[in-house]
Amino acid sequence: MRNQLLVFPEGSTSNNKIILPFKRGAFSSICPVSPMIFEYSCPVVNVSNAVVKDLVLFFLMMSTFERVTCYREELPVFKPNKYLFEKHKDKGSCEWEIYAWAVRDVMLKASGFGKHD
């Protein structure tokens, strides 16, 4: 089994309503990825806008008397291939751009989130 790494390809968090464009890092190796969609709910602290350290944010969220939830959906492994790069060559000038576009497109359709370009 290969080592696994969790990355957030947007390079940031969003407002739980959109998916930002993906950065190169997760896709430059053209290795298969396991996309995951996270949805969270905390009525007191907005995780995407909180400018506090992780531990402080954790304690703020856990100290609320409101219900804090996090939903995770794991999508099937996405393996890029030559057909993808040929069929969608209009989506980017490099293979990693086409790959990132395709994974993002799958995540947009599965999540129902909007996109922000």
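What volume does the second largest pocket have? I looked it up in this predicted model. The volume of the second largest pocket is about 200 Å³.

**Pocket lining.** I then listed the residues around this second largest pocket. Pro 21, Phe 22, Trp 96, Glu 97, Ala 100, Trp 101, Arg 104, Asp 105, Leu 108, Lys 115 and Asp 117 line the second largest pocket. I sorted them by class: six are nonpolar, five are charged and none is polar. I also asked which element gives the largest share of this lining. Helix H3 does, with seven residues.

**Helix H3.** That sent me to the helix itself. H3 covers residues 95-111, which makes 17 residues. From first C-alpha to last I noted 24 Å, close to the 24 Å expected at 1.5 Å a residue.

I checked burial next. Trp 96, Ile 98, Tyr 99, Ala 100, Ala 102, Val 103, Arg 104, Met 107, Leu 108 and Ser 111 of H3 are buried.

What covers the buried residues of H3? I found strand S1 (18-19), strand S2 (36-41), helix H2 (82-87) and strand S4 (114-115) among the covering elements.

After H3 comes Gly 112. Its phi is positive, near 80 degrees.

**Ile 30.** I looked up another positive phi. Ile 30 has phi near 55 degrees, a positive value in a residue other than glycine. I located Ile 30 in the loop between S1 and S2.

Definitions and conventions: Residues numbered from 1 in each chain as written. Predicted model: local features only at pLDDT ≥ 70, side-chain atom pairs only at ≥ 80, totals over all residues. Heavy atoms only, no water. Helix = DSSP H or I, 4+ residues; strand = E, 2+ residues; numbered from the N terminus. Expected span 1.5 Å × (residues − 1). Buried < 20%, exposed > 50% of the residue type's maximum accessible area, 1.4 Å probe, protein only. Contact = heavy atoms within 4.5 Å. 1 Å grid on protein atoms, 1.4 Å probe; cavity = no way out; pocket = protein on both sides within 12 Å on 5 of 7 lines; lining within 4 Å. Points joined across faces, edges and corners; volume = space filled by probe spheres on them. Nonpolar A, V, L, I, M, F, W, Y, C, P; charged D, E, K, R; others polar.
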